[in-house]
Amino acid sequence: IEAQRARSLFATLSLGRQATSERPPESLVLAEARARGRKQRAVAALERVVRARGRRADRRAARASLAEADADLADVRRRIARRESYTRIARPAPLVSLADCKAGLRDGDVAVLYVFAGAQAHALVVSPRGARVVGLGAAKRIRHLCRPGVDERLGDPIQAGALRAKLLDTLALPRAVRHLVVCPQAELWAVPFSLLVARTAVTHAPSISTYLHLRERPSGKSQEVLALGDPAYDARSEFGGTVGRGLPALPASRPEVVAVGTQTLLGGDATRASFLARLAERPAWRAVHLACHGRADDDHPLQSALAFAPGKDDDGIVTALDVLGMRIHADLVVLSGCRTGQGRVYRSEGMVGLARAFLCAGARRVLCSLWRVDDEATSALMIRFYELWNPSDGTGRSATEALRMAQDHVRRDPRWKAPRYWAGWALWGPP
């Protein structure tokens, strides 16, 4: 289960600062993941035909499909192999042994890797003291429960109790669990686990290997926060479908940025050029906070984007592909916009979009959203989060604990009691 997860992402993270310009683009890495998945499906299809003693024509067709998938995978790997430096340094052996996974977790940690295997769903539960596989029942039932997620129009949880029973209660986790590492699959990437877990800190990771690698990244000693928000949008500011109208202003993001940032970029200064120039002024940041419009592209995840203010020579749209070319050394990147944690789910690599791009660019962890968020409620949540996580005296709480307490703070306000105002925030990386 672990060995099949996010191997390309782990290889990319392991590169660190080495030969960044020489590694294959993310599109080539994902092409290999897709080709690998096609071959696995072709092998399974051939096995089914053989076991069922199917007709000779069916067996011939299945073998032809497997040969075609094999050829596609070989072609992608040849294209990767042409980049010799990448082949040499970007294929480390990932931390996939069960002993390594257990040894890497700390007391009070439990990692849960969810997997859909054919018609059944399972969870691999790993702690420092052991591991076990738990059957969760029919995969079709869980997929059905996951798809609605949270009704953004009404703000009411959809079958949250049923999801909790299937995904968490079945695991019978001990009361001593302080920190839950969720490694989702398929539709589970859209599940707001903070809505399902009451008193346990939750973080997300594509795999245990990537989680342990991110945890070992140096956090730095900086208390500086670079914050961008309330961009001055004009007619050029568009994600599509808003031609000539631009994007609506985000007035509540201005007090949010002023409250959390030690260095701020606001209004007409919130451009890509200004951001990159300010980013380069420090070798590392405590946090990079981006309060602006976001868009997740489910079909072309590397075109998922954030909207900065338009500059002299650009429209201000910063895509995930753009982020992959940046160096962003930060303990935390906060993507304070709509659907910044979404994108496209690839069978073996997990969610691909803005959050993954920022991890590849150097962030130790990313705080992002699963759905459309409210401007004012988000501002209140973020201000409270930073008060708890990054106080001036340096005695802050962990990011997961600060997030949970900030969510509690927002939902106590009668205006924002509904889960759609507070539950859709997820942390990728160590707590």
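This is a predicted model: local features need pLDDT of at least 70, side-chain atom pairs count only at pLDDT 80 or more; totals for chains, interfaces and linings use all residues.

User: How many helices and strands does the protein have?

Analyst: There are 15 helices and 16 strands. Both are DSSP runs numbered from the N terminus: helices are H or I with at least four residues, strands are E with at least two.

User: And how much of the protein is buried?

Analyst: Of the 431 residues, 54% are buried. Buried means under 20% relative accessible area, exposed means over 50%, and partly exposed is in between (1.4 Å probe, protein chains only).

User: What about contacts between residues at least 6 apart in sequence?

Analyst: Among those, 71% join residues at least 24 apart. A contact here means heavy atoms within 4.5 Å.

User: Which residues of α15 are buried, and what covers them?

Analyst: The buried ones are Ala399, Thr400, Ala402, Leu403, Ala406, Gln407, Asp408 and Val410. Their cover includes the strands β4 (179–183), β5 (201–204), β15 (366–369) and β16 (425–428), plus the helices α8 (193–196) and α14 (375–389).

User: How do α14 and α15 pack?

Analyst: They pack at about 140°, with axes 8 Å apart. Axes are lines fitted to C-alpha atoms, for helices over the stretch in contact, and angles run from 0 to 180 degrees between N-to-C directions. α14 and α15 are therefore oblique to each other; under 35 degrees counts as roughly parallel, over 145 as roughly antiparallel, 65 to 115 as roughly perpendicular, and the rest as oblique. The crossing of α14 past α15 is right-handed. For handedness, left-handed means the near helix is turned anticlockwise from the far one by less than a right angle, and right-handed means clockwise.

User: Which residues make that contact?

Analyst: From α14 you have Ala377, Ala380, Leu381, Arg384, Phe385, Leu388 and Trp389, and from α15 there are Ala399, Ala402, Leu403, Met405, Ala406, Gln407, His409 and Val410. By class, that's 12 nonpolar, two polar and one charged. Nonpolar covers Ala, Val, Leu, Ile, Met, Phe, Trp, Tyr, Cys and Pro, charged covers Asp, Glu, Lys and Arg, and the others, Gly among them, are polar.

User: What about α6 and α7?

Analyst: Helix α6 (residues 139–146) and helix α7 (residues 160–167) pack at about 140° too, with axes 10 Å apart. That makes α6 oblique to α7. Their crossing is left-handed. Arg141, Ile142, Leu145 and Cys146 of α6 meet Ala162, Leu163, Lys166 and Leu167 of α7. This contact has six nonpolar, no polar and two charged residues.

User: Switching to single residues. Is His289 buried or exposed?

Analyst: His289 counts as buried, at 0% relative accessibility. It lies in strand β8 (residues 285–291). Beyond residues up to four places away in sequence, His289 touches several others, including Val225, Glu256, Ser336 and Tyr386.

User: And where is His204?

Analyst: His204 sits in strand β5 and is buried at 8% relative accessible area. Among the residues it touches are Phe193 and Trp428.

User: What's up with Asp375?

Analyst: Asp375 is in helix α14 and counts as partly exposed at 25% relative accessibility. Leaving aside neighbours within four places, Asp375 contacts Leu250, Pro251, Ala252 and Ser253.

How values were computed:
Residues are numbered from 1 along each chain as its sequence is written. Side-chain values use heavy atoms; hydrogens and water are left out.
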